[in-house]
Amino acid sequence: MFQENTSDNCLNITKSTEDGAFQKSGHSARILSPEEAEKLAKDRVLVSEFKQLKLEKEAQKNWDLFYKRNSTNFFKDRHWTTREFEELKGCREKNTLYSTERCKVFQCDLTKDDLLKNIPADSVDVVTLIFVLSAIHPDKMHLVLKNIYKVLKPGKCVLFRDYGLYDHAMLRFKSGSKLGENFYVRQDGTRSYFFTEEFLSQLFKAEGYEQVVNEYVQRETVNRKEDLRVPRVFLQSKFQKPFSKAQVLAD
């Protein structure tokens with residue numbers, strides 16, 4: 001494995017000797033091939049407003065069915081999480097202090113269920129939003145961040161990773177799947193948004209967060225059996241809840 005750092009565009013390249021795949025991170029979006037650019041340019045027809053309203057109304061049902069169908073073959077060990085987010089290393093180890101009296105598990109809709117009903121204000125050390133926001137309508141994403149902000153401790157971070165602009169999954173959508181800019185619907189009714197660095201930064205900053213890290217991760221997934229190389233693009237970020245002026249003066 002090797003890494004190359006270039007100061008001009010803040011690009012890091014990592015190459016795996018096992019399968020020849022590479023990963024690079026930086027602020028530059030993936031460059032499309034002429035064929036890919038033409039395909040996206042032609043895809044201008046949006047799903048009807050009636051169907052879009054129906055998809056929004058049935059969003060929870062569609063995701064419930066998705067998890068029911070894929071309960072045994074979809075989820076994998078996300079070993080990369082502790083590699084990419086050092087804040088999670090301590091969480092991965094078995095903690096002898098774990099207790100059902102101290103840990104509370106609950107289900108909620110982050111766009112409308114107030115987290116303060118289950119979690120005290122300013123009490124959370126770290127929040128992970130890993131492939132969460134992309135499933136939510138862009139018009140409601142700010143509600144999720146506003147909700148989280150209330151329970152996150154000042155000085156602590158939201159760790160984010162999700163689909164990035166021009167990911168392979170975005171390019172695979174057929175005509176008639178587009179809901180809006182960078183927003184698509186799958187055949188099963190679940191939806192996916194593909195983030196740009198600028199959109200995500202504005203989204204978090206509008207709710208009072210400070211940007212720590214925000215960059216594209218481009219990774220080539222290799223299937224040696226079928227001789228396929230698939231370009232994956234993710235956005236990986238950290239946004240911090242700032243200290244109040246009173247807290248800063250007290251320190």
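The structure is a predicted model, in which local features need pLDDT of at least 70 and side-chain atom pairs count only at pLDDT 80 or more, while totals for chains, interfaces and linings use all residues. Residues are numbered from 1 along each chain as its sequence is written, and side-chain values use heavy atoms, with hydrogens and water left out.

Three strands, in the order S6-S7-S8, make up an open antiparallel sheet; strands (E, at least two residues) and helices (H or I, at least four) are DSSP runs numbered from the N terminus, and two strands pair if DSSP finds at least two bridges between them. Strands S6 (178-180) and S8 (191-193) form the edges, each pairing on one side only. S6 joins S7 (residues 183-185) through two bridges in the antiparallel sense, and Lys 178 sits opposite Tyr 184 in S7.

Tyr 216 counts as buried because its relative accessibility is 3%, where buried means under 20% relative accessible area, exposed over 50%, and partly exposed in between (1.4 Å probe, protein chains only). A polar atom of the Tyr 216 side chain lies 3.0 Å from the backbone nitrogen of Glu 197.

Two loop residues other than glycine have positive phi values. Phe 131, in the loop between strand S4 (124-130) and helix H6 (141-151), has phi near 55 degrees and is partly exposed at 24%. Tyr 166, in the loop between strand S5 (152-163) and helix H7 (168-172), shows a phi of about 70 degrees and is partly exposed at 22%.

Methods
Polar contact = N/O pair within 3.5 Å; in protein donor to acceptor, adjacent residues only side chain to side chain.
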